[in-house]
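Let's go through this one by asking what each label rests on. Have a look first, then we'll talk.

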Amino acid sequence: MTKFRRASRSARVLVPGAVAVALLAGCAQGSGAAESASPATGTSTVTGTPRSTGASGAVTPVPSASVPLPDSSASTAPGTLLVTDFGSDTVTFVDPELGATGSVKVGTAPYGLVLGADGRAWVATAEGVAVVDTERRERLALVPYRTDSGPATTGEYRGGGMGIALAPDGRRVYVGVNVPGGNGTLEVLDTTSLRFTDTVPVGRRPFDVDVSRDGAEVYVTNHDSFDVTVVAAGSLSPRRVEVAPYGTEGGLGSWLKPHYAAVRPSDGKLLLPFEGERLAVVDPRTGRTTIEPMTADTHQHGTAVTADGTLLTVGTGPIDPDVDEGPSLTVRQPDGTERIYPLEGPHESVAVSRDGRTAYVTGGFTRDGYWDGLTVVDLDSGDTRRLPAGSRPLGIVVL
């Protein structure tokens, strides 16, 4: 039996004034405090050509900056994982059985990534979108944003790319660009010319970007403005849809904001989990939201959805340890039934193996710390094991 635990949860977790600023790491990645506290992370450095703040959007070609494989193999096996290393300005290739097998420098503080059918990975960094050939394991280019979001830095509120998605036909990449202290933008990258062609205003801190299955709409989940921006792919006209199942009281000081979304294959509605208690189901056509109960009772971030509509959601851990549950992975079937897999320590994002039997959950969350690896979850047995995988891994795809 499922139910909502607390109707007044928002009153418990809102924090005032200066305290809110100090605690907002609970809703973001890569806090500066966590960076300095972890000797494994070190100090991030800008690699390649410095980020341009001009409006040309010209591509910056770069030489290969890769760490070679431990053997002479030049190929990447199907099923290999690719993760973004927020703590070391790289992406890392991970064998699901053995761990990391090589890394490629991509740019400062990489966040989200998306994989194309041609084997190129598109990585949202603080400097621009990096293009990575996953077969040859090298960075092909770094395309600077049009949006001026300040210097390329690290830390949870750093400017630059966050969520990223690829159009179904592979012709456009859409990336949400964070502008510290203000509203962000959605930038549109032409994958043939490697130039940004358009910029669309969106909300604050665009954590996630998704595309409808037919490519007609783009959905930007804006963490700090309690909303999703629906963008028509043809006209690029934006429309705001508020998503706030707990209300917006507290503003930036609220924990109860949207993080990541998934597009439900059956009807194109957006699925946004909140606190292991509520699933906001948003119809992007009407802007209407319905709420369904969830059962993990934990602060939730990363999501993934399979072709049959199974939703996987990462629980990062409790807001209040006295009443909330710890880190977990929720697997929610299309009929609403859920299985909760407990996890050890903080996690952030999730991907699923091509056969649907294994989930891979990255360890780069930072409110209560982070760790340099991922958890492999056997979805049949519930068995879990930890695997070393880069430096504070956030985004993940299966090659």
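Q: What makes Gly 181 stand out in the hairpin of β10 and β11?
A: Gly 181 takes a positive phi near 85° there, in a hairpin with 6 residues between the strands. Bear in mind throughout that this is a predicted model.

Q: How do you know that β10 and β11 are paired?
A: Pairing needs at least two bridges, and β10 and β11 (residues 185–190) are joined by 6, running antiparallel. Within that pairing, Val 173 stands opposite Leu 189.

Q: What does β10 do with β9?
A: β9 and β10 also pair in the antiparallel sense, over 5 bridges. Here Ile 164 faces Val 175 in β10. The hairpin of these two has 5 residues between the strands, and Gly 170 in it has a positive phi near 75°.

Q: Why is β10 called largely enclosed?
A: Buried means under 20% relative accessible area. In β10 (residues 172–178), 6 of the 7 residues are buried, so the rest of the structure largely encloses the strand.

Q: What about β29, and how is it paired?
A: All told, 6 of the 6 residues of β29 are buried, so β29 too is largely enclosed by the rest of the structure. Its antiparallel link to β2 (residues 81–85) has 4 bridges, with Val 83 standing opposite Ile 396.

Q: Is Phe 226 buried or exposed?
A: Buried: Phe 226 has 4% relative accessibility, against a limit of under 20%. Phe 226 is in the loop between β14 (217–222) and β15 (227–232), and has a positive phi of about 55° although it is not a glycine.

Q: Why are β17 and β20 said to stand at the edges of their sheet?
A: The sheet is open, has 4 strands in the order β17-β18-β19-β20, and pairs antiparallel. β17 (262–263) and β20 (289–293) each have a single partner strand, so one side of each is left without a neighbour in the sheet. Further in, β18 (residues 270–274) and β19 (residues 278–282) share 5 bridges, and Leu 271 has Val 281 as its bridge partner.

Q: What lines the largest pocket?
A: The pocket, with a volume of about 1500 Å³, is lined by 41 residues, and Val 114, Asp 210, Ala 304, Val 305 and Val 397 lie nearest its centre. The lining divides into 28 nonpolar, 9 polar and 4 charged residues. Strands supplying at least two lining residues each include β9, β13 (206–211), β21 (299–305) and β29.

Q: How confident is the predictor across the chain?
A: On a scale from 0 to 100, the average pLDDT is 85, and 81% of the residues score at least 70. Over residues 10–26 the pLDDT is below 50, though the model gives this stretch 36 contacts beyond near neighbours in sequence. Residues 28–58 also stay under 50, with 86 contacts beyond four places in sequence.

Q: What does the chain come to overall?
A: The tally is 3 helices and 29 strands. Of the 399 residues, 60% count as buried.

Definitions and conventions
Residues are numbered from 1 along each chain as its sequence is written. This is a predicted model: local features need pLDDT of at least 70, side-chain atom pairs count only at pLDDT 80 or more; totals for chains, interfaces and linings use all residues. Side-chain values use heavy atoms; hydrogens and water are left out. On a 1 Å grid over the protein atoms alone, a cavity is a set of points where a 1.4 Å probe fits but cannot get out, and a pocket is an open set with protein on both sides within 12 Å along at least five of seven lines; lining residues have an atom within 4 Å of a point. Grid points are joined across faces, edges and corners, and a volume is the space filled by probe spheres set on the points. Ala, Val, Leu, Ile, Met, Phe, Trp, Tyr, Cys and Pro count as nonpolar, Asp, Glu, Lys and Arg as charged, and the others, Gly among them, as polar. Contact means heavy atoms within 4.5 Å. Buried means under 20% relative accessible area, exposed over 50%, partly exposed in between (1.4 Å probe, protein chains only).
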